[in-house]
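Hello,

Here is the structure I promised to pass on. My notes follow below it.

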Amino acid sequence: SCNGENMMIDSGNAADGDLVAKYVENLGIDKLDLIVSTHAHEDHLGGFPDIIEEIDIEKALVSPGGHDTSYSQKFYNSLKKHSIPYNNAEHGDKFDLGGAKVQVVGPITNNEDDLNNTSVVLKLTYNGKSFLFTGDASRSEEKDILEAGYNVKADVLKAGHHGSNSSSNYVFLREVMPRYVVVSVGKDNPYGHPGDNAVSRFKDADATVYRTDMSGTVICTVDKNGEINFTYEKTQTNSDKKSSITEDSDPYEVQKGSQIIGNKNTKVYHKDKCSSLPNEKNRKYFESEESAKKAGYKPHEKCVNQK
């Protein structure tokens, strides 16, 4: 949202449309100037038919690929039913969103054999700060975008393909050089997203990472001074209780009370009943052993394997 104009990029699964529509309405938004369908997979365009029924939409920008999939057909039928005009995204196109400038930087080619790499990739710039929205773009589309000569430098990167190992590769990240990475990913998803290799690459890029599976709804704003701020809404039922996230926040850390407790000094994690727990000031809490390991902590041999 910028200066009263609103854009929605993707919509979630078919079952998510009503939830997304109500979230937008609760923000006081009753019109979307543009919806963007990055590509023809259900988890990206499946929710649009319900959203189109509930919210006034001016126009749509769509991926050039996958117009004949079952979910995309439902999407296009909804657009036609409500007389919403749409255009295929063409790289190089530019448009305004309020005071923000948006450029389409991908897809470069229309590879129907891999719909992820037909993802619409947008770079948005506002008040000196920039965002890169990548859909499910993977290695080959990232390569195409760079070879086409686009400037993808951005302060905030929406990680491609839910943080998959096949996206956000080193060559691409070196060009983006994000200060922040946001990973839209389901908790305990069966695909293993985000991948350990991708998370490692984000750390190597010295980016602060925010994950929806750990933080809930992630909200990013740019103020009038050009400062980027992040907040998150931990659960749908407590969406009015926003918690601030600082630039030094650890994306794996959770609130006090977890059964996995790390020692900030030794980088070792313990179960909460361990007799060797560190002093409170040296503790870091994690939601699981996996989270502790991903944050670089090792298990305390004497307590972690205890029943």
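Leu132 of strand S10 (residues 129-133) stands opposite Leu157 in strand S11. S10 and S11 (residues 156-158) run parallel and are joined by three bridges. Strands count as paired here if DSSP finds at least two bridges between them. Strands and helices are DSSP runs, numbered from the N terminus: E of at least two residues for strands, H or I of at least four for helices.

Before going on, note that this is a predicted model: local features need pLDDT of at least 70, side-chain atom pairs count only at pLDDT 80 or more, and totals for chains, interfaces and linings use all residues. Residues are numbered from 1 along each chain as its sequence is written, and side-chain values use heavy atoms, with hydrogens and water left out.

**Around S10**

S10, helix H5 (residues 139-147) and S11 make a right-handed β-α-β unit. Right-handed means that, with the strands pointing away from the viewer, the path from the first strand over the helix to the second runs clockwise. S10 is mostly covered: four of its five residues are buried. Buried means under 20% relative accessible area, exposed means over 50%, and partly exposed lies in between (1.4 Å probe, protein chains only).

S10 also pairs with S9, in the antiparallel sense, over five bridges. The two strands form a hairpin with two residues between them. Asn127, in the turn, has a positive phi of about 50 degrees. Thr125 stands opposite Ser130 in S10. Thr125 is also the bridge partner of Lys101.

Angles run from 0 to 180 degrees between N-to-C directions, with axes fitted to C-alpha atoms.

Another open sheet has four strands in the order S1-S3-S5-S6, and its pairing is parallel. Its edge strands are S1 and S6 (86-88), each pairing on one side only. Neighbouring strands are turned by 15 degrees against each other on average, direction ignored. S5 (residues 60-62) and S6 pair over three bridges. Ala60 stands opposite Tyr86 in S6.

**Helix H1**

Which residues of H1 (residues 17-26) are buried? They are Gly17, Ala21 and Val24. Seen down the axis of H1, they fall within an arc of 65 degrees, so they line one face of the helix. The arc is taken from the directions from the helix axis to the C-beta atoms. These buried residues pack against strand S1 (7-9) and helix H3 (48-54). Contact here means heavy atoms within 4.5 Å. Just after H1, Gly28 takes a positive phi of about 85 degrees.

**The core**

The largest nonpolar core has 22 residues. Such a core is a set of buried Ala, Val, Leu, Ile, Met, Phe, Trp, Tyr and Cys residues joined through side-chain atoms within 4.5 Å. Those with the most contacts inside it are Met7, Val36, Leu61, Leu122, Leu124, Val156 and Phe230. Elements giving two or more residues include S3 (34-37), S9 and S14 (217-222). S8 gives the most, with three residues.

Most residues other than glycine have a negative phi, and most peptide bonds are trans. These places depart from that:

- Gly106 to Pro107 is a cis peptide bond, with omega near 10 degrees. Pro107 is in the loop between S8 and S9.
- His193 and Pro194 are joined by a cis peptide bond, with omega about -5 degrees. Pro194 is in the loop between S12 and helix H7 (196-204).
- Asn3 has a positive phi of about 50 degrees although it is not a glycine. Asn3 lies in the segment before S1 and, at 61% relative accessibility, counts as exposed.
- Met177 has a positive phi, near 45 degrees. Met177 is in the loop between helix H6 (170-176) and S12. Met177 is partly exposed, with a relative accessible area of 38%.

Best wishes
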